[in-house]
Structure formats: structure tokens, C-alpha cells
Amino acid sequence: MRDLKMRSKGVFVLVLLGALTAYYVYSPIPNNIEERWKLMLTDSFFKTLSHLAELSEQVGLLDFWRVMMFITFAERVVTVSDERVQVEDEMFDGVEVIVYQPTQQEETGELRRAIIYLHGGGWCLGSSRMGPYDLLARHMVTELNAVIVSVEYRLAPAYHFPAQFEDVYRVVKYFLHVEVLKGYHINPERIAVSGDSAGGNLAAAVAQQLHKDPQQHVQLKAQALIYPVLQALDLNTPSYQQNQYMPILPRTLMVRFWSEYFTSDKSFFRAMMENRHNNHESAALLKFVNWSSYLPDSYRQTYNYSAPPVVTRKSPVHSISPHHSLADPRASPLLVPDTMLRFLPKAYVLTCEYDVLRDDGLMYVTRLRNAGVDVTHEHYPGGFHGALMFTMWPTDFDIGHRMVDNYVKWLKQNL
């Protein structure tokens, strides 16, 4: 009898472990996504870390974001020079940057391209010193004979909006001084700003604000936005609904990123989760993110547009809502009027089908084209958020390598 009980307990533990493993590993991933099981295993790590972060915060051990920063620390590398790429840590107007440049000058004496690159991570995580970003920067240096400036901007929750934008904008303004460009042998007519996810948000915002500056003489030639996040007003677009449980960036995590970018007040996070966070100031700008007007028919599918409700002054949410931030185009680049869009540099926009941010990118493509901007839109039907950074073992995906190749090819042809 005792042996039977012991065996029963053993079976129970195995079943429990199997169930837990299945819960964490299995995700409802569409069949047309390549390397599905590798993505499931990768996502199980992110899912486990997210749950640990939530538990840690609930019991009062560590803040959610301090636990999530493990991702950044785990992928951190030492950025050193090699035989082809010279790497230097610099301070541009008080902001830390990493400058990658070719070790040798071209024999022709031709001036170089330059790309200011802004890492992703939801304004709360990430670093230019992570392995995939370091690898990407080195690849661009050698393939494009370019100088790459990777920006280590401040992160939430220690610093909320607009600190991240201000850091990036200061770097760009400093870098575009004629004397600085001469020091790096850069052609002032071949400079781009680029970034992925939250970095794409910052890149788009910088490109917009730079053109408003009457004292800015050197302008950007191009902007390259990789699955960018571009608006905080409507968090219930078709892509947010379709992909709310997709790997890497489920809707809950993206909403948490947005909320923390503005404030650490948890009541604002709950309001954003319900898509009930708009006030009268931001509601007046909803026309710029009306997906029923800007999404192609194939992406609207069977979803019906319903404008997000406007929070009244009597609502407790209104008192803590960061009014100016929601309506600020430096946070949500999709909010600028068409008259401002028409002066922007040519753009490359990468979107993924299985990404909550897909529709942000699609709407921006439509609005830029309507304004007469030269736009290259590259959509990956089997793509998922973050894929461009999955290029190193053990999370190297074929689609990530294709994205890098196509992105660099566009830069080579357009910069």
C-alpha cells in the first residue's frame, strides 16, 4: 500500500510537471510561422520571466521591471574593437553612445554613410550593449561602410516620458553638427535614423521634430522603422485584438510598456488595459489613428471600428492620466497632421503579421504615402515581434536573418 501511494505521488508530480511545462511552452502559434517549436521554447522563457516578475512585485520582493531587466543583463556583451570595426564609448551632449566605424578609411576617400540606431525594449528595457544590437551594428559597418551611433537613452521607470525622446534628440542634434560629421568622415547628405519597436517610435518622433527646427541645417535623408510602436490612443486595433496572446509581445505587456512610459501609477495601466484612458485633449486626435480609415481592407477583416471612450473629468482616472503625454506626438508620432508629414525623409517601414503593433506601422505607411513621402513597406506574413533581434544562438531564426539582409539592402540602395 505504501509503495502504491509513493508511485501515485510520483505519477502526480510527473503529470503536474508535464502540465506546467505544456502551459509554459505551448502557445497558440499560427501554422505559417516558421520554426514554431523554437518560437514556443523561446517564448516560454519570456513568459516564465514575466510571471516571476509579477509574483515578485505582488509579494514585495522586487519591482516588475527590475526582474524583467534580466533579459537585458543576460544578453549584455563587451563592445570591443576588432580587425574590421572600431568601437568607442562616447558622450554626445551628456548622453552615452557607442560609436561603431570602419577601422580603415576607403582608398577612394569617399565620405561615409551614418545611421543613428535606437534600440527597442518598450522604453523600459534593452541596451545597445546587448549581443544582437552589437552584431547588427558591426554588420552595418562592414556592409555599408557606415558609422553607426547606438544610443543608450534613459529608461523607465526611473525616467518617464519625455526623457527617452530628449536623450535621443540631443544625440541627433549633436551628431549633425558639421564639425562632428567631419571628424567621422561622414557625408552630411547620407544620414539616417533607425530603430526597432520602441526605438522605431523614437526614430519616427526624431525625424518629425527635426524638420520643425528652423536652426537645423543638416537634415536626415532616411528613416528606417522596424515594427514601430506609433500611438497610445487606441490599444484595441485589429492587430491588438488578433495578436493579444501572441509570443514575445502579448497585448498585456505592450500596454504595460505604454503605461510605464508615462507613469508608474497602476490605475493608469488598468485604464489602458480597458482602452478607457483617453481624455478630451487626446480624443480630439483620434482621427489620426482611426484604423477604419487608414488600414487596408485585408487587415480590417471582420473587426468593427469603435472609437475609444473619452474619460470625463469626474472619473478618477482623469486625475492621474498624463494628458499632455497622450496627445504629444513625440510619444505618438501618428498624431502629427498631414501638413507636417509631407516634409519627412524617405521611409522604410517593416511590419509583421503576428504583432500587436502591426496596424501602427500600416497606418503610418498609409498616411506617409498620402502625404507624398517615398515609403518602402516590407511586410512579413509569417513575422512576429522582435524577430530582427533573433539572430544569435540559441534564438537564431531564419526570418531574423532575412529581415536583417533586407533592411541592410534597403539602406545600401537608399542612403
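Me: Where is Pro 157 found in this model?

Reply: In this predicted model, Pro 157 belongs to the loop that lies between β4 (146–151) and α6. The peptide bond leading from Ala 156 into Pro 157 is cis, and its omega is near 5 degrees.

Me: How should I approach the confidence of the prediction? What is the average pLDDT of the protein?

Reply: Where pLDDT is low, the predicted coordinates should not be read in detail. Here the protein averages a pLDDT of 91, and 90% of the residues score at least 70. Two stretches call for care. Over residues 10–20 pLDDT stays under 50, and the model has zero contacts beyond four places in sequence for them. Over residues 315–321 pLDDT also stays under 50, but for these the model has 15 contacts beyond four places in sequence.

Me: How do I read a sheet, and in what order do the eight strands stand here?

Reply: Strands of a sheet pair through backbone hydrogen bonds, either parallel or antiparallel. In this structure eight strands make an open sheet with mixed pairing, in the order β1-β2-β4-β3-β5-β6-β7-β8. The edges are held by β1 (85–92) and β8 (375–384), each of which has a single partner strand, so one side of each is left without a neighbour in the sheet. From one strand to the next, the twist averages 20 degrees.

Me: Are β1 and β2 parallel or antiparallel?

Reply: β1 and strand β2 (residues 95–102) run antiparallel and are joined by eight bridges. As one example of a bridge, Val 85 has Pro 102 in β2 as its partner. The two strands form a hairpin with two residues between them, and Asp 93 in that turn has a positive phi of about 55 degrees.

Me: Do β7 and β8 pair in the parallel or the antiparallel sense?

Reply: Strand β7 (residues 346–354) pairs with β8 in the parallel sense, over seven bridges. Tyr 348 stands opposite Thr 376 in β8.

Me: Which strands does helix α19 lie across?

Reply: Helix α19 (residues 398–414) lies across β3 (112–118), β5 (186–196), β6 (222–226), β7 and β8, and runs at about 175 degrees to β8.

Me: How are two packed helices described? At what angle do α5 and α19 cross?

Reply: Two packed helices are described by the angle between their axes and the distance between the axes. The axes of α5 and α19 come within 11 Å and cross at roughly 40 degrees, which makes α5 oblique to α19. Their crossing is right-handed. From α5 the contact is made by Leu 136, His 139, Met 140, Glu 143 and Leu 144, and from α19 by Val 404, Asp 405, Tyr 407, Val 408, Leu 411 and Lys 412. By class, this contact has seven nonpolar, one polar and three charged residues.

Me: How do α6 and α8 cross, and which residues make the contact?

Reply: Helix α6 (residues 163–175) and helix α8 (residues 198–212) have axes that come within 10 Å and cross at roughly 55 degrees. The two helices are therefore oblique to each other, and the crossing of α6 and α8 is right-handed. On α6, the contact involves Gln 164, Phe 165, Val 168, Tyr 169, Val 172 and Lys 173; on α8, Leu 202, Ala 205, Val 206, Gln 209 and Leu 210. Eight of the residues in this contact are nonpolar, two polar and one charged.

Me: At what angle do the axes of α10 and α11 cross?

Reply: The axes of helix α10 (residues 251–262) and helix α11 (residues 266–273) cross at roughly 135 degrees and come within 9 Å. That makes α10 oblique to α11. The crossing of α10 and α11 is right-handed. In α10, Arg 251, Thr 252, Val 255, Arg 256, Trp 258, Ser 259 and Phe 262 meet Phe 268, Phe 269, Met 272 and Met 273 in α11. By class, the contact of α10 with α11 includes seven nonpolar, two polar and two charged residues.

Notes:
Residues numbered from 1 in each chain as written. Predicted model: local features only at pLDDT ≥ 70, side-chain atom pairs only at ≥ 80, totals over all residues. Heavy atoms only, no water. Axes fitted to C-alpha atoms, helices over the stretch in contact; angles between N-to-C directions. Helix = DSSP H or I, 4+ residues; strand = E, 2+ residues; numbered from the N terminus. Parallel < 35°, antiparallel > 145°, perpendicular 65-115°, else oblique. Left-handed = near helix turned anticlockwise from the far one by under 90°. Contact = heavy atoms within 4.5 Å. Nonpolar A, V, L, I, M, F, W, Y, C, P; charged D, E, K, R; others polar. pLDDT = per-residue confidence, 0-100. Pairing = 2+ DSSP bridges.
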